[in-house]
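Subject: Structure handover

Dear colleague,

Here is the structure we spoke about. My notes on what was found in it follow below.

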Amino acid sequence: MTQVMKGIRVLEVAQYTFVPAAGAILADWGADVIKIEHPTRGDNQRGFINLGGITTKPNRSPFVEHPNRGKRSVGVDISNPEGMEIIYEFAKTADVFLTNYLPHQRQRMKFDVEHIRAINPDIIYARGSAYGDKGPERNSGGFDGTAFWNRSGIAHAMTPEELEGPLSQGIPAFGDSIGAMNIAGGISAALFHRLRTGEATEVDVSLLSTAWWASGTTLDIALDYNEAPRNRMPTSGGNRGNALMGNYWTSDRGTINMCTLSPAPHIRSFFEHIDRPELADDERFATVEAFMQNWEAASEIIKSAFSMQPLNFWREKLKTYSGQWAPVQSMFEMMRDEQALANDMIFEVEAADGGDPIKLVRGPVQFDHTPVTTTRAPVMAEHTEIALMELGIEWDRIEELKQNGAIA
Amino acid sequence: MKPGTKLYSATCNTEVMVIRCGENAAIECGGAPMSTSAVDTKTEPSGEHQNGTMVGKRYVDEAGTVELLCTKPGTGSLAMDGVAMGIKDAKPLPSSD
């Protein structure tokens, strides 16, 4: 990957996925990211025993790699004033300070924006939070399960009203990973602004703001029309007004998602692909207006056609259809998807346990068509001594700091 | 031996950096003394010293007088004066979603 962030240093005082994954994105892009971890506990992300219902493996943690690849880890006890002095030393050398600690913690341990800016007035101070850095709940913590998925309205909108309870997020760190990219984007813009004007800004992204933005179309409709789209129960058949929108079930209970929003140029091609070319000249479907008016009749015909053949038949058949559609795939099918792999979605890092390399998903942005090349996530406090020596701190001082527990 | 010294295994690919050194501690890997320069002709790790090393991990003796940072992993395991060294591991708060 073209190292667009080369020469930028990020000082990260953060845990779990949402905010650290922003550091990982910037590291993928070439930034030097120093991750501060508690000297004995490390990032709490390392403590997952179960994740998404899967029992984790000791010493092999793709869920630690996802938000931490490409960084260096320095063990510092930020609750120890001598440890905080080390944070300040790093802050002098950093372009970006990245944190998800709560306001009262930042105040108590003295690394809020005014403390860090007193050390380095040009630093970009980036906060990730659950609910935002303003308002009565700015001191409340949260995870994507709370702020992004449930409180935001997303769980409600995703769940058909016929179900007895709301669907759960289902994908670990789903909101975190989306939000991380938002933070990385905000930091990039802040760096650009600083370059042009010399002005350092504060950057805020919350899991709630991430959810609002991701749901922006629904919310904007709801704000204006006072009604909001909501998921429907799974069924085979077209959407109201457009039979080329909707899921259709195949004979082996696979699903083809038809997603041809503007059907006009594609009606003929579609009917040819279900071996009913004559329907393109049927008066019910011969114009786009008629086709959309008679969506129920079209839906019945299409539903019947799809139900005659298995999913793989339709996957092959529809390859030459001019409109938009997709097979419903599992994550396992996705991992082998030729198109995704052709776009370098997977890269590898060395496994710290000496086993096979760990395959990881790249961030959504690619520069110059080049794949990500980075290093594995650090082991907790792996780089303490080397990073402190880079700051010019002598070995004897490092030993002292270790003795009193300020660093690991 | 002083902090920052690099040690090389005589039995496998393991390399470590000395972070804290006890007095006159004999550091072994795979059952054979480690060297301050790369070893060309290696023997095999022997006996109980074949548990391997993991990169990035810190290895300590029970009394905490010696700490080694593994910079290159190998198949031999680390020992001090014949006693296997342990991993100084993160003790994160347990989490489950």
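The domain assignment of chain A, whose bounds come from an automatic or database domain assignment, gives domain 1 (9–215 + 341–403) and domain 2 (245–328). The centres of domain 1 of chain A and domain 2 of chain A, taken over C-alpha atoms, are separated by 44 Å.

Two points on conventions. This is a predicted model, in which local features need pLDDT of at least 70 and side-chain atom pairs count only at pLDDT 80 or more, while totals for chains, interfaces and linings use all residues. Residues are numbered from 1 along each chain as its sequence is written, and chains are lettered from A and ligands numbered from 1 in the order in which they are written.

The sheet across the two chains

Three strands form an open, mixed sheet in the order S4(A)-S3(A)-S10(B). Strand S4 (54–55) of chain A and strand S10 (95–96) of chain B stand at the edges with a single partner strand each, so one side of each has no neighbour in the sheet. Helices (H or I, at least four residues) and strands (E, at least two) are DSSP runs, numbered from the N terminus; two strands pair if DSSP finds at least two bridges between them.

Strand S3 (residues 48–51) of chain A pairs with S4(A) in the antiparallel sense over two bridges. Here Asn50(A) has Thr55(A) as its bridge partner, and Leu51(A) stands opposite Ile54(A). The two strands form a hairpin with two residues between them, and Gly52(A) in the turn has a positive phi of about 60°.

S3(A) and S10(B) run parallel and are joined by two bridges. Phe48(A) is bridged to Ser95(B), and Asn50(A) to Ser96(B).

The contact between the chains

Chain A gives 22 residues to the contact and chain B gives 16, where contact means C-beta atoms, placed from the backbone, within 7 Å. On the chain B side there are nine nonpolar, four polar and three charged residues (Ala, Val, Leu, Ile, Met, Phe, Trp, Tyr, Cys and Pro count as nonpolar, Asp, Glu, Lys and Arg as charged, the others, Gly among them, as polar).

The cores

A nonpolar core is a set of buried Ala, Val, Leu, Ile, Met, Phe, Trp, Tyr and Cys residues joined through C-beta atoms within 7 Å; buried means 20 or more other C-beta atoms within 10 Å of the residue's own. The largest has 89 residues, and those with the most contacts inside it include Leu11(A), Val96(A) and Leu68(B). Helix H1 (residues 18–28) of chain A supplies its largest share, eight residues. Another core, of 18 residues, lies apart from it and includes Trp295(A).

Regards

Key:
Two residues are in contact if their C-beta atoms, placed from the backbone, lie within 7 Å. A residue is buried if 20 or more other C-beta atoms lie within 10 Å of its own, exposed if 12 or fewer, and partly exposed in between; C-beta atoms are placed from the backbone.
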